[in-house]
Amino acid sequence: MSGKIGLVTFFRDNYGSELQCYATKTFLEKNGYECDVIYDYCYGLNKIKKRLKSISKIALYSIFYRGFAKNRKNINKSIKSSGNSLTKESRFYLNWFCETVLRPRGLEYGLLKDKRFANEYDYFIAGSDQIWGGGYLVQPFMFLEFAPDKKKIALCPSFGTDTIKKFNRKHFKKSISKFSRLSVREKSGQKIISELTGLEVPILSDPVMLLDADEWHDFAKNSTVKQQEYIFVHFLGIPNEHTIQFINQIASEFDLNTVCFANNYSAYDTLKAHTFVDGTPYDYVSLIENASFVFTDSFHTSHFSIIFNRNFYTFERNYGHENKQSTRIHNLLSTYECSERFFKDDELPEKLLNDNPCFDEIRKVKTKEIQNYLLDSLPKAPLVKAETELKSEKDCTGCMACAALCPKTAISATYSEFGYRIPMVDNSKCVQCGLCVKVCRATLTPQNSSVNDAYIAYNTNDDMRLKSASGGVFSCLANAILEQGGVVAGANLSFEDGVVTAKHIIVTQKENLQLLLGSKYVESDCSSVYRPIEDYLKKGIAVLFCGTSCQVKALYCYLEIRHINTNALYTIDLICHGVPGIKLLRDYLGETSFKFENSSDLKFRTKNNGVISYQFSGKTDNLGDMNIPASHSSYYDLFLHSDSYRDQCYHCEYANDHKPGDITIGDYFEARQDYPELFQTGGILSDSDYLNCLLVNSIKGHELLKVYGKQLRMHSVSRKRVQLSHSNLCKPSTYGRLRLDVKEQYKANGIKGIEKRYKRIFLYNAIISMATKVVEKVTNIRRN
């Protein structure tokens, strides 16, 4: 057992949802488990099938169940109303926290049900929050219907109401009965399960209680919002006139400012001396912790007020329909013996409540209950053993630093079943010196720097920018390094004796810089550059190294073991999706029209009139220029869908904002969407075409730009926004069911097996494309 847990819950666009998810994930990881927050998706034909099934079910229920249509309309209205009041800025902060901290993993529903994927997770946890909403259509994913029964654990899910609608009862009973462990969040949920299944299940607190007050206090230290002497106001529904008047009364009596958070309503305009604040979940927790009073209609705001012993007042939410969901708040306040803090409709407190409440005694008991339940439901997490061997194939990055360090040349490269490079040790030569394991298992010390700048950037040299992959930042810096007597190491794609090769080389002359330009969507062999870089650094010659984050890390670890001063080393890492194996590329090209030609200048994408095209292009001796569009290439399609990478890429340690390189660069196709004002007529970037995003990660990164980046044009932007626009600055890539299929085919039949599989895929795509065009033509005819 690997101790890997799949967590299924609500985790987006709501502060409470995200924080209860965070608490569960953090608690599990703190106790030695690996936890992925997962969600399901469908695409292509499966997406169409799912949509048609949903439409047909809605139609049938509307006919056979009285009140179904009205109930569905009310729920959608409530969700829309709550979502509309959340400001754009707060939605951005929530999305940023979700993607960079929770890092949810999207998985095809078909993949989850595939037996070949069965051992990916040891257990699945459903909960908490209202994932089992009794008034919604049943969502099979939320009931873990894809998983074996023995792997299903319910962590205090909520039904949101006192009763299950008639149209859901049969399905709820069947799905709930299959869980190996059950618990609920409210007493009403306990009653529902008892009536449906006859089972008696425990009532547990919301998962935010998995972390204690001190841990939440540490969490809140990440907040950047500071306020003095204030009332915290957080309503998910529009507060009524009487509530606003009472808040004003308290503010005047105690001479306090009022801080309104995240959801903005015109009703707040009548609050005296109020400030509206957008913020991250860190800011949300911090503002509750430090408030003099808290006024809310939110379950989780009430819960955090209890955690921090705040003087809080909870009001019934204005849902705008009859399906009110106050049961959970009643249960919460009853549990903590403070039901007097809840007020319905126009009710107001006749006097101020105790301004120094203390819920610690009950809170500690409830924390222990939910912690014990969760740990008792899972087998003990595996112990971390001291590693004395090279990393497994699954964890190997293919950096080949082990081979470069080996004093006996006992390590060479071989290939995995899916065509990527892995080290192989010749035991007859090995002297057990341990250097290979030392560099393989080395941990790179994080850069101790507060530098976190971000830019939109591009090379002002038009010719150099056109030859580059995107904005030409690398070519600018590399060119300047070479001009000043330094050297540059980067990936080169070439043909040697008719066989395509991708490897890092060192360039010492400007004339050869073009060998390193352009995108290479394949792994690059670094083994031959470690020693030369070491030699240049010993001589004090400036070296610029560009590669993936794992390659940058490997270089630093190699040099540290060799005790080499790195003052003259500058590093650039790339925003990387993942890398396919070189053998897979070779096999693929051997099945294309490149097979029978002497090829050169192979490119993975081209530029034309401000547009970047994804295609294989190259020159041949007899046929001239040749092109294979990505839409007609199995290799390219697998790459773009993240289905052909090294195994390690799917749990990359650098798929985040904490990069080992001095600077990080990548495409920035989203720049115009993120900053439209910069590209309008007259805007400072209105005349630009190809762009990079550029992250500065260290003081040396600033030095690199200052000394060698004089031909760069840079505009400072939000690092958080850049991060959100690049999924691999948030979390690793994920694969779909297709990866399992093509790996199986490749192992059994080589590249021919993959090509055979893709004939069906391309046929399907052509049919869908043709159907789409017909629909568009018919639509246009009807409009005209």
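## Helix 6 against helix 7

In this predicted model, the axes of helix 6 (residues 169-176) and helix 7 (residues 187-197) come within 9 Å and cross at roughly 90°, and the two helices are therefore roughly perpendicular to each other (a class covering angles of 65 to 115 degrees). The contact, meaning heavy atoms within 4.5 Å, brings Arg169, Phe172, Lys173 and Ile176 of helix 6 together with Ile193, Leu196 and Thr197 of helix 7; by class, these residues comprise 4 nonpolar, 1 polar and 2 charged.

## The two sides of helix 6

Phe172, Ser175 and Ile176 of helix 6 are buried (under 20% relative accessible area, with a 1.4 Å probe and protein chains only), and they lie on the same side of helix 6 because they cover an arc of only 90° around the axis. The buried residues of helix 6 pack against helix 7, whereas Lys170 and Lys174, on the other side of helix 6, are exposed (over 50%).

## Helix 18 against helix 19

Helix 18 (residues 530-538) and helix 19 (residues 549-561) have axes that come within 11 Å and cross at roughly 60°, and the pair is therefore oblique. Helix 18 passes helix 19 in a right-handed crossing, with Tyr530, Arg531, Ile533, Glu534 and Leu537 of helix 18 making the contact with Ala554, Leu555, Tyr558 and Leu559 of helix 19. This contact has 7 nonpolar, no polar and 2 charged residues.

## Basis of the values

Residues are numbered from 1 along each chain as its sequence is written, and side-chain values use heavy atoms, leaving out hydrogens and water. Local features need pLDDT of at least 70 and side-chain atom pairs count only at pLDDT 80 or more, while totals for chains, interfaces and linings use all residues.

Key. Axes are lines fitted to C-alpha atoms, for helices over the stretch in contact, and angles run from 0 to 180 degrees between N-to-C directions. Helices (H or I, at least four residues) and strands (E, at least two) are DSSP runs, numbered from the N terminus. Angles under 35 degrees count as roughly parallel, over 145 as roughly antiparallel, 65 to 115 as roughly perpendicular and the rest as oblique. Ala, Val, Leu, Ile, Met, Phe, Trp, Tyr, Cys and Pro count as nonpolar, Asp, Glu, Lys and Arg as charged, and the others, Gly among them, as polar. The arc is that of the directions from the helix axis to the C-beta atoms. A crossing is left-handed if the near helix is turned anticlockwise from the far one by less than a right angle, and right-handed if clockwise.
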